[in-house]
Amino acid sequence: HRVDRRQRQMCIRDSFLISLKVFSQTKNPEISANSFLFSFKESSYLISGDSIYRNLETDKWIGTKHNLAINNYVFLENNSKGYLMHSSGGILYQFDGTKFDRLDDSFIFNSQYQSFPFLHNNNIYNFGGYGLFTFKNILTYFNLSKKETEIVPIKTPTSKQPLGRKKMFSQLDGNELFIGPGLAYNADVEYGNKKVQFINDYWKLDLIEKEWSKLGEGKVYLKNHIYHLIYHYENKILVLSDESIFTVDIKNNKASFYQNSNKDFIKGVEKVRGRIIYNKSKKGFYAILFKGDNSGKLTFITSDDLLGAKFTTEKLYKKEVNIIFWFGTGIGLFLVFIFVLVFKKKTNIQKIKLIREKIKGLLTTEEDHLLSLIEEFYPNYIKFPELMDVFDSHLSYENKKKKLRTALYQMEEKISKTLNSKSKIFIERKNKEDLRIKEIRIK
């Protein structure tokens, strides 16, 4: 029994030693050249070298081996799932908070570096980026059944799509993708003289119809090409640079700038994707600060300490004016005005003749016959007894009189609606020679 007990103790000890090799708890995770931070649900993670660390508390981390086949990353998530992708596209892992499961049967694309990956209807999309010597304006998605990435066909003609760009302001809202300024070549400059610069226009892509529309042109907010973008910060884009710190809300055309921001802190963060991230549950940011000896330190700063207070808000862009649309609308309104002006000056008889065939289609045979007789006598009055002859001869005088009165009433109602007129169409009077007889004419 003593031997068995001693063996069990040794096994427990060996098991504990093995677990320490696999899981190590530390306040200072090792920082390597490919270190990458991301947040998933309420936790934040650090990938560094061959290890991944998860924060237990603000300053405590637990690490294990990750066994990933890539060392250049981008992370995206929704409420239940997280995905780690090679930053140029191609290789893709699903992450559940503890382990990575590879989803693709593909390779590193080297095509969409510094792009905007996002999730829509549980599909993984990726817009723009740079690779293979060109800036991209393509939209790709991961086909789970094929385990490969494919290009999404866009209906909008190429000439009416945004220029390719990388590291752009990007925002997803429902079924709409919004993109703004990013780095690209100016298309108007000859290739040999092209330089990377900011493209400062704003666009919207309907993800259902697959159609682009331009929102407008904006101003230059950044002079330096070195800056951080934190997407999904309070449903906006947070821009962190040595010059200024501000949020961008493309959908609502708003930029909000912070006062008293800790720009010195941002200056200490290497301007590479994944060196600073936001943790919503802790209301702050994890960042890797690099020292003078090229070593790195993982640190945490609250939102208030980093951002300071908002102090100005302004429009991001001047909305695009569709000249052709407004010119066409103006011409249309002018023609309607002329038509109404001319039409209103016409008499009832002229208006009726202009659309006589349309009115005829609304009248019964008897009503149309009555209107023809009234038109024929215009501008004179026609007596009721002459109109009553339209009806069957076997009817009594009283019946004919009732049918005539009903027909005249219905005629006037139909003609008034057709002419969109509220005034009387006909006028009646008693015959001057025989006051017992009524007569009628078009007013």
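The model is predicted, so local features need pLDDT of at least 70 and side-chain atom pairs count only at pLDDT 80 or more, while totals for chains, interfaces and linings use all residues. Residues are numbered from 1 along each chain as its sequence is written, and side-chain values use heavy atoms, with hydrogens and water left out.

**Stop 1: aromatic rings**

Rings of Phe, Tyr and Trp (its six-membered ring) pair if their centres lie within 6.5 Å; planes under 30 degrees apart count as stacked, over 60 as edge-to-face and the rest as tilted. The count comes to 31 aromatic pairs. Select Phe38 and Phe95: the ring centres are 5.6 Å apart and the planes are at 85°, so this pair is edge-to-face. Phe38 belongs to strand E2 (residues 36–40) and Phe95 to strand E8 (residues 92–95), so the pair ties together parts that are 57 residues apart in sequence. Strands (E, at least two residues) are DSSP runs, numbered from the N terminus.

Phe38 is buried, at a relative accessible area of 2%, and Phe95 is also buried, at 2%. Buried means under 20% relative accessible area, with a 1.4 Å probe and protein chains only. Now widen the selection to Phe36, Phe38, Phe40, Tyr45, Tyr73, Phe75, Tyr93, Phe95 and Phe100, which form one aromatic cluster.

**Stop 2: lysines over rings**

A charge sits over a ring if NZ of Lys or CZ of Arg is within 6 Å of the ring centre and within 35 degrees of the ring normal. Select Lys166 with Tyr130; Lys166 lies over the ring face, 5.5 Å from the centre. Then take Lys167 with Tyr227, where the charged end is 4.2 Å from the ring centre.

**Stop 3: strands around Trp203**

Strands pair if DSSP finds at least two bridges between them. Show E15 (residues 176–179) and E18 (residues 201–206), which run antiparallel and are joined by four bridges. Here Ile179 is opposite Trp203 of E18. E18 and E19 make a hairpin with four residues between them, and Lys210 in the turn has a positive phi of about 60°.

**Stop 4: Thr156**

Select Thr156, in the loop between strand E13 (148–151) and strand E14 (170–173). Thr156 is buried, with a relative accessible area of 10%. Neighbours within four places in sequence aside, Thr156 is in contact (heavy atoms within 4.5 Å) with Gln161, Lys210, Glu211 and Trp212. The side chain of Thr156 reaches the backbone nitrogen of Trp212 at 2.7 Å.

Notes: Buried < 20%, exposed > 50% of the residue type's maximum accessible area, 1.4 Å probe, protein only. Polar contact = N/O pair within 3.5 Å; in protein donor to acceptor, adjacent residues only side chain to side chain.
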